[in-house]
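Okay everyone, thanks for coming.

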Amino acid sequence: MSAWTGNAIALSARRFGENDVILDVLSDQVGRASGLVYGGAGKRKRALIEPGTRLHLVWKSRLEDQLGFFDEMEGRGGGPADVMDDAAALAALSCVATLLLEVAPERQPCVGLFEATEILLQALSDSQGWPALYIRWEMGLLAEMGYGLDLSQCALTGSPDDLAWVSPKTGRAASRAAGEPFADKLLVLPPFLLGGQNRPVSGDVADGFALMGHFIERELLNPVRKTMPEARARLIFALGKTGRL
């Protein structure tokens, strides 16, 4: 018998037979994983399998490479019920879950990504600054998948000062002055992604979505013939509608 115990985040549930579901999760132990939830289609367990719900699980299987089942499942909070009054946060939950389902490798531990996702999901219900945190999460997702952006210095001058652009080809930053002649070919780098005390101002989150969306599509989705999930477009629309871009 193969087994593991750990914390996880529900990503997706699909019906399996009359009463059961197959639940996909991102776990702190094995990365993205799947398992049967017996009786998961019933009312008692339905809330536990909603995307974004934080769980404590025990997974078991006769063989390690088999589907297996979740023998125990306990909620740790989160999920749609916690953000029901915020359409943008609901869209963010859906987008996070879908992106992880599409790009996170199966059964490969990614502790940093799991911890970052936990922080983001908790912020959705108790922080007004979560849209900027969401952009940082996407940047971390790229880095975890091996496509981190280099925002440490200007690729043209080597200076770390006044960085304002990112090359859509290399993912490297450029200073405002050095990049200005090529502005129509570069992506805007919102200052809040550079750390320090920079706080996002109007338009920064929108620039962040454009920047991360370019690289997520090119590096993570297009190579496997996938497209950006519709939930991301809904998230951008909802944030724009409430003046949070």
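Let's start with helix 2 and helix 3: helix 2 passes helix 3 in a left-handed crossing. Left-handed here means the near helix is turned anticlockwise from the far one by less than a right angle, while clockwise would be right-handed. Before going on, keep in mind that this is a predicted model, where local features need pLDDT of at least 70 and side-chain atom pairs count only at pLDDT 80 or more, though totals for chains, interfaces and linings use all residues. Residues are numbered from 1 along each chain as its sequence is written, and side-chain values use heavy atoms, with hydrogens and water left out.

Helices are DSSP runs of H or I with at least four residues, numbered from the N terminus. Helix 2 covers residues 87-103 and helix 3 covers residues 111-126; their axes come within 10 Å and cross at roughly 165°. Axes are lines fitted to C-alpha atoms over the stretch in contact, and angles run from 0 to 180 degrees between N-to-C directions. So the two, helix 2 and helix 3, are roughly antiparallel, the word for angles over 145 degrees, with under 35 being roughly parallel.

Who touches whom? On the helix 2 side we have Ala89, Ala92, Leu93, Val96 and Leu100, and they meet Leu113, Thr117, Leu120, Leu121 and Leu124 in helix 3. Contact means heavy atoms within 4.5 Å. That contact of helix 2 with helix 3 has 9 nonpolar residues, 1 polar and no charged ones. For the classes, Ala, Val, Leu, Ile, Met, Phe, Trp, Tyr, Cys and Pro are nonpolar, Asp, Glu, Lys and Arg are charged, and the others, Gly among them, are polar.

Next, helix 4 (residues 130-144) and helix 6 (residues 204-221): their axes come within 10 Å and cross at roughly 20°. That makes helix 4 roughly parallel to helix 6. This contact splits into 13 nonpolar, 1 polar and 1 charged.

Helix 4 also has helix 7, residues 230-241, with the axes within 12 Å and crossing at roughly 150°. So helix 4 is roughly antiparallel to helix 7. Trp130, Pro131, Tyr134 and Glu138 in helix 4 meet Arg232, Leu235 and Leu239 in helix 7.

How many cavities of 30 Å³ or more does a search of the whole structure find? It finds 1. A cavity is a set of points on a 1 Å grid over the protein atoms alone where a 1.4 Å probe fits but cannot get out, and lining residues have an atom within 4 Å of a point. The largest cavity has a volume of about 40 Å³, volume being the space filled by probe spheres set on the points, which are joined across faces, edges and corners. Its lining includes Arg54, Asp82, Leu93 and Leu121.

Definitions and conventions: Angles under 35 degrees count as roughly parallel, over 145 as roughly antiparallel, 65 to 115 as roughly perpendicular and the rest as oblique. On a 1 Å grid over the protein atoms alone, a cavity is a set of points where a 1.4 Å probe fits but cannot get out, and a pocket is an open set with protein on both sides within 12 Å along at least five of seven lines; lining residues have an atom within 4 Å of a point.
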